[in-house]
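Biologist: I would like to learn how to read sheets, helix packing and ring pairs in a model. Could we go through them in turn?

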Amino acid sequence: MNYGISKKIQDVLKFRPGTETDEDNEIFSWTTGWVKAFEDSRSEDMLVFINNATRFTAAYYKAGKREIGKFERIAHVAIKQTLYHSYYNPLAVKKYLEMDPDTNFSTNSSPVRRGWLSNAAMSLGILVPQSVLRDKKNNVSSFSFSTQFNHLHSIKEPSGKKDTGKPTTPFNLMAEKIHDLTGIDPLVNRVFVFELTQDLHIYKTVRKVIVPSWMKFDDFHILIQFLNKWWNYHLYGFEFYGKASRFPEINLMPIEDDFTDQEDRRIPTEGRTLDEFFPEYSEMTYKYDYGDGWEINVKLLEVLDDYRGRLPFLIEADGVAPPEDVGGIGGFIEFRNAFLNPSDPEHESVREWAESWKSELSYFEKIPQELYRFRQDYL
């Protein structure tokens, strides 16, 4: 890859590369800047990489001088992870990255491309809450909000020296270029179609989704949180049962969760993907908040080997999930009765406590839609 780096990065790396030439292949060239994520940031804290052929953008936050010193590794990680977080076909991504594995530098001397960096930095700072970005423990949230930027940012398809072509997005244009380059369509994946059902006694919630077969369990957990409007406050796990077993054969949980009585059966979720267990198993149980005791049945409906489309994707949704910390099914039924009954003495206090919770899904929450935003609130 060739990185057209700014003077600020050159100063930290303590060298001056040559200027970019016409021989540099734009699909392997990235305009790179070191910018402030917010206007009131004390110093530069975010690396932004913009592909010269497609305007596809990757970012790495937080990036101080120490991280700039590890530029080559961080650049590779940021671009690779943003491509994977876009749910492009992993074989296409791998082949693209392997086609130009060397690292080269040039001077970013283009005013137009410096303008790209300024616009991208401003947009990236808006797309994610500042409180999340400033979490000192979080260095990889940028992979997710730059993915959203690539879906939403409208550009013109390059035509000659000027962008005079038809409107598109960096996400779509990068997919087209990788397809042309590798012969593998990044938008074609092996996928699982799941039905997620939660029995609340008074009604059931149902979500039907399409996800890549290689999706990680930790990401699938975040997707369920997003679909239910939960906030990832509590412990969670995934359980697989045998045909005649009352106890789970497999119990996947985050490694930091301390359930010592289940230690012998627990498998860390970290790095595990759905296709390690599906379609060998046809169902699993998702558990969340072991105090309230929420359980969602996850049933595999279909396996599609050559699905083309953006991922994840919601096919349909029905029924509102209970709010966080409502007290389990019994507490939810009491809460909902008071919420819906203006004459209930707790009606006003319940509505105030529930804040934005609604008793019905809106039309737009029910219809088929892309779910590329699902990570944003849980970075």
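Modeller: Start with a sheet. Here 9 strands form an open sheet with mixed pairing, in the order E12-E11-E10-E13-E14-E8-E9-E15-E16. Strands (E, at least two residues) and helices (H or I, at least four) are DSSP runs, numbered from the N terminus. Two strands pair if DSSP finds at least two bridges between them. The model is predicted, so local features need pLDDT of at least 70, side-chain atom pairs count only at pLDDT 80 or more, and totals for chains, interfaces and linings use all residues. Residues are numbered from 1 along each chain as its sequence is written, and side-chain values use heavy atoms, with hydrogens and water left out.

Biologist: What is the order of the open sheet of 5 strands?

Modeller: The order is E4-E3-E2-E1-E5, and the pairing is mixed. Its edge strands are E4 (57–61) and E5 (104–107). E3 (residues 46–51) and E4 run antiparallel and are joined by 5 bridges; Ala58 in E4 is the bridge partner of Phe49.

Biologist: How should I read two packed helices?

Modeller: Two packed helices are described by the angle between their axes and the distance between the axes. Axes are lines fitted to C-alpha atoms, for helices over the stretch in contact, and angles run from 0 to 180 degrees between N-to-C directions. H3 (residues 71–85) and H4 (residues 90–98) pack at about 155 degrees, with axes 10 Å apart. They are therefore roughly antiparallel, a label for angles over 145 degrees.

Biologist: Which residues make the contact of H3 with H4?

Modeller: H3 supplies His76, Ile79, Lys80, Leu83 and Tyr84, and H4 supplies Pro90, Val93, Lys94, Tyr96 and Leu97. Contact means heavy atoms within 4.5 Å. H3 also lies across E1 (2–5), E2 (29–35), E3, E4 and E5, at about 125 degrees to E4.

Biologist: How many aromatic pairs are found in the whole structure?

Modeller: The search finds 33. Rings of Phe, Tyr and Trp (its six-membered ring) pair if their centres lie within 6.5 Å; planes under 30 degrees apart count as stacked, over 60 as edge-to-face and the rest as tilted. Phe194 and Phe278 have ring centres 5.0 Å apart and planes at 65 degrees, so the pair is edge-to-face. Phe194 is in E8 (residues 188–199) and Phe278 in the loop between E12 and E13 (283–288), 84 residues apart.

Methods: Parallel < 35°, antiparallel > 145°, perpendicular 65-115°, else oblique.
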